[in-house]
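Below are my notes on this model, as numbered points. Please read them with the coordinates open.

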Amino acid sequence: MELELSPLSLPSDNERPFVIAGPCSAETEEQVMTTALQLASKGCHMFRAGIWKPRTKPGGFEGNGEVALPWMEQVKKETGMLTATEVATPEHVELALKYGIDILWIGARTTANPFAVQAIADSLKGIDVPVLIKNPVNPDLELWIGALERINGAGIKRLGAIHRGFSSYDKKIYRNLPMWQIPIELSRRIPGLPIVNDPSHIGGRRDLIAPLCQQAMDLGMDGLIVESHCNPEKAWSDASQQVTPDILDFILSILVIRQETQTTENITALRKQIDEIDNSLIDILSKRMRISREIGQYKKEHSMTILQTARYSEILDKRGAQASLLGIDPECVKKIFESIHEESVNQQMKIINEA
Ligand code: PEP
Ligand code: MN
């Protein structure tokens, strides 16, 4: 399905990404107002705060609900910032709009549930409000696109995606693995869709915010949504990943924003070379597949199994070691050979199963 988009038109300082900042949760009127005033004094144009919080386990702070919405109204009145919050049900949508919330976002847990997304979409029919859709918790691009299609299908054209990383069982550095290739592929599939990076939920740690923001900018993302709290250590949710408005301002001030379109002759010539190399890569791959099909024929005639595990491991190890010598990450090369091998096996299967 082709999406019908119009520009998000969110405020930003010239040539800079737009930034939505604010606490994970609206905890008290005082915390909301203090944080908002500090952010506004740093030149922030958009304020986020969670009113309804989907927590992993019961007992965590689940948000203040409707009582916190007048605080958001007050933020807008006193600072002029636009306000943004997460909605997970039609009732949330109705209340958020009633209190003049300017930007809605759909959380990662909600995006993973098509019933919930459809219910939200139905409640948005006939309303013109920007909606940002976080990636689902699991690394499933189609599910993310499906949610964008559902909301767009309801007539919402000011649409954007938020990249907040993906859950994994074994947590390493990140709280949620960035898997940058997924938002990059999303951009390729839906050209013109603004992508916002959420370094707070990817990193899960204050010290990862700055490098993640920079990475997002280097990949040409359009905006950032960052959790900022007047007293991060005392936050009622996501305490370890929030930064003060002061620190956020510093992080944003050192961000390097590179020109997206390079038109210098140098890079054009280099790109040509890359295109030629890619051409040869495909050519060589097709030759490799042809030989592999011949081997398939041989295996068929000699009643051998397709998968010869010893040979497969040998290829992976040998090419991994070779890559390493040439300064390429062996894990990356192993992945490439895994894919090549998978396709080889598919082609051989076809031959073996031919009558
Ligand atoms: C949030 O933005 O505070 C939040 C709950 O995010 P996510 O849906 O990405 O977990
Ligand atoms: Mn949070």
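1. Start with helices α1 (residues 29–41) and α2 (residues 69–79). Their axes come within 10 Å and cross at roughly 30 degrees. That makes α1 roughly parallel to α2; angles under 35 degrees count as roughly parallel, over 145 as roughly antiparallel, 65 to 115 as roughly perpendicular and the rest as oblique. Axes here are lines fitted to C-alpha atoms, for helices over the stretch in contact, and angles run from 0 to 180 degrees between N-to-C directions. Helices (H or I, at least four residues) and strands (E, at least two) are DSSP runs, numbered from the N terminus.

2. The crossing of α1 past α2 is right-handed. A crossing is right-handed if the near helix is turned clockwise from the far one by less than a right angle, and left-handed if anticlockwise. On the α1 side, E29, V32, M33, A36, L37 and A40 make the contact; α2 supplies W71, Q74, V75, E78 and T79. Contact means heavy atoms within 4.5 Å. By class, the contact residues are 7 nonpolar, 2 polar and 2 charged. Ala, Val, Leu, Ile, Met, Phe, Trp, Tyr, Cys and Pro count as nonpolar, Asp, Glu, Lys and Arg as charged, and the others, Gly among them, as polar.

3. This is a predicted model: local features need pLDDT of at least 70, side-chain atom pairs count only at pLDDT 80 or more, and totals for chains, interfaces and linings use all residues. Residues are numbered from 1 along each chain as written, chains are lettered from A and ligands numbered from 1 in written order, and side-chain values use heavy atoms, without hydrogens or water.

4. Next, α12 (residues 309–325) and α13 (residues 330–353). They pack at about 145 degrees, axes 8 Å apart. This crossing is right-handed. Y312, I315, L316, D317, R319, G320, A323 and S324 of α12 meet P330, V333, K334, F337, E338 and H341 of α13.

5. Which strands form the closed barrel? The 8 strands run β1-β2-β3-β4-β5-β6-β7-β8, with parallel pairing. Pairing needs at least two DSSP bridges between strands. The twist averages 25 degrees from one strand to the next. Strand β5 (residues 131–134) joins β6 (residues 159–163) through 4 bridges. L132 stands opposite G160 in β6.

6. Finally, the manganese ion (ligand 2). Its protein donors are C24 (SG), H201 (NE2), E227 (OE) and D238 (OD), at 2.1 to 2.4 Å. Donors are N, O and S atoms within 2.8 Å of the metal (3.2 Å for Na, K and Ca); water is not among the atoms, so sites may look incomplete. The donor spacing is C-x176-H-x25-E-x10-D. H201 in helix α8 (residues 199–203) and E227 in strand β8 (residues 223–227) are 26 residues apart.
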